[in-house]
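Visitor: Please take me through one part of this structure closely. I would like to look at the barrel.

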Amino acid sequence: MSHFPFAALKTLRSLRILTTLTSLALLPLLVSCGGDDCVINNTVSATMNFYMADGNPCQIMDTLTVSIVREKGDSVVLNRKLGASNLAFPLGYSSMCDTFVFRFARLGVSDSVFILHDNHPYFISLDCGTAMFHTLTAVDCTHHLMQSIQITHPEINYDAQENIQLVFGD
Amino acid sequence: MRRRTFSLCLAISLLLSLSGRAEEASPFFRGVSVSADVFGWIYPIFVSDAFYNNEASVAVNLQDRFFPVVEVGYGHCNTVGDLYGIRYTTAAPYYRVGMDYNFQYKKHSPVGFIFCGARVGYSNSTYNVEAAPLTDPVTGGIVPFTLTDIPCRAFWGEAVVGIRSRVWKGFSLGWSIRYKRLFSNCTSANGNPWFIPGYGIHGTETFGATYQLIWNF
């Protein structure tokens with residue numbers, strides 16, 4: 001009987017430790033405030049910058065209209081822009097080749113850009129949804145005003161970076 | 001801060017192990033314990049069956065001080081996101097190995113002991129995602145979104161703090177809190193997994209807990 005209070009004290013102490021550890025175990029559940037920083041628009045765009053033949057960035061001093069060729073009529077990506085130095089445009093989700101027509105109004109000339117790409121359905125998270133990312137595989141263009149075109153970063157995702165360099169002749 | 005706490009825990013256990021005097025005439029091997037995690041069984045019944053892990057473990061008692069442990073489990077996830085209605089499914093076994101260290105090994109307390117430990121975990125799983133179709137920005141057409149059997153080979157580490165209390169004869173109960181850190185990310189061209197069996201919800205770090213029924217032999 002004389003041992004009873006000590007045994008009870010030990011039990012109480014172990015219970016106290018157990019309670020503390022239980023609380024600590026539950027603490028992460030209470031303080032965890034997850035949640036991703038979701039993008040507002042899930043559509044990714046390819047970024048194309050314009051350059052002169054000497055490698056310097058250039059502005060198109062003409063009224064430029066860019067449209068994507070579609071079966072059901074062309075869709076305008078850039079409408080009558082003066083002084084354009086770059087272009088951001090979406091790529092097709094089901095197609096692997098997109099054709100863009102650049103119309104220079106003052107000069108009355110058109111050039112076409114052909115972009116081949118792979119499409120990757122991309123799962124972001126349950127809270128942020130899904131997207132379609134792309135990998136550029138090849139690019140080409142006609143040569144009325146355009147001199148050359150090359151891929152600089154093939155991955156098209158949420159990273160803001162130049163994907164294509166488009167070089168204009170003199 | 002968490003890394004510091006974990007390092008401190010390891011340093012203390014190392015110092016204690018170095019400074020402790022070897023007890024003479026005490027057997028090195030003192031038994032085997034088998035345990036089952038109740039948390040994994042209760043959670044889907046009373047909280048949510050969206051995701052859970054069921055696991056059991058075997059530990060060896062070395063001088064009441066070191067407890068090498070192997071944990072084997074099966075992780076499930078079948079959930080639908082509230083915002084986008086995305087269904088995510090995966091199910092795969094996972095494995096952990098590690099060791100616990102009894103802070104109170106000198107006391108030989110009949111009540112129980114507090115321990116800290118470490119684990120390395122591994123799971124090789126595949127996951128599926130079904131989501132609403134996407135609208136093609138070029139053609140305006142509908143593109144279905146389904147990912148099937150995307151592989152995820154995950155490798156992670158855990159820092160463990162816990163307590164074991166003897167309840168009756170060879171039967172004990174135990175709590176453990178776990179800080180987990182993902183070493184290998186399963187990112188693919190199709191994105192990240194949402195749930196990794198044995199680890200939990202995907203992220204660089206996360207927390208977990210176990211509530212174990214333990215049989216000591």
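Guide: Here is a walk around the barrel, strand by strand. This is a predicted model, where local features need pLDDT of at least 70, side-chain atom pairs count only at pLDDT 80 or more, and totals for chains, interfaces and linings use all residues. Residues are numbered from 1 along each chain as its sequence is written, while chains are lettered from A and ligands numbered from 1 in the order in which they are written.

In chain B, 8 strands close into a barrel, in the order β1-β2-β3-β4-β5-β6-β7-β10. The pairing is antiparallel. Strands (E, at least two residues) and helices (H or I, at least four) are DSSP runs, numbered from the N terminus. Two strands pair if DSSP finds at least two bridges between them. Neighbouring strands of this sheet are turned by 25° against each other on average, direction ignored. Axes here are lines fitted to C-alpha atoms, for helices over the stretch in contact, and angles run from 0 to 180 degrees between N-to-C directions.

Take β2(B), residues 51-62, and β3(B), residues 66-80: 10 bridges join them. V58(B) faces V70(B) in β3(B). Helix α2(B), residues 39-47, packs on the sheet. This helix touches β1(B), β2(B) and β10(B), where contact means C-beta atoms, placed from the backbone, within 7 Å. The direction of α2(B) makes about 165° with that of β2(B).

Move on to β6(B), residues 142-168, and β7(B), residues 171-184. They pair over 13 bridges. E158(B) stands opposite K180(B).

Methods: Two residues are in contact if their C-beta atoms, placed from the backbone, lie within 7 Å.
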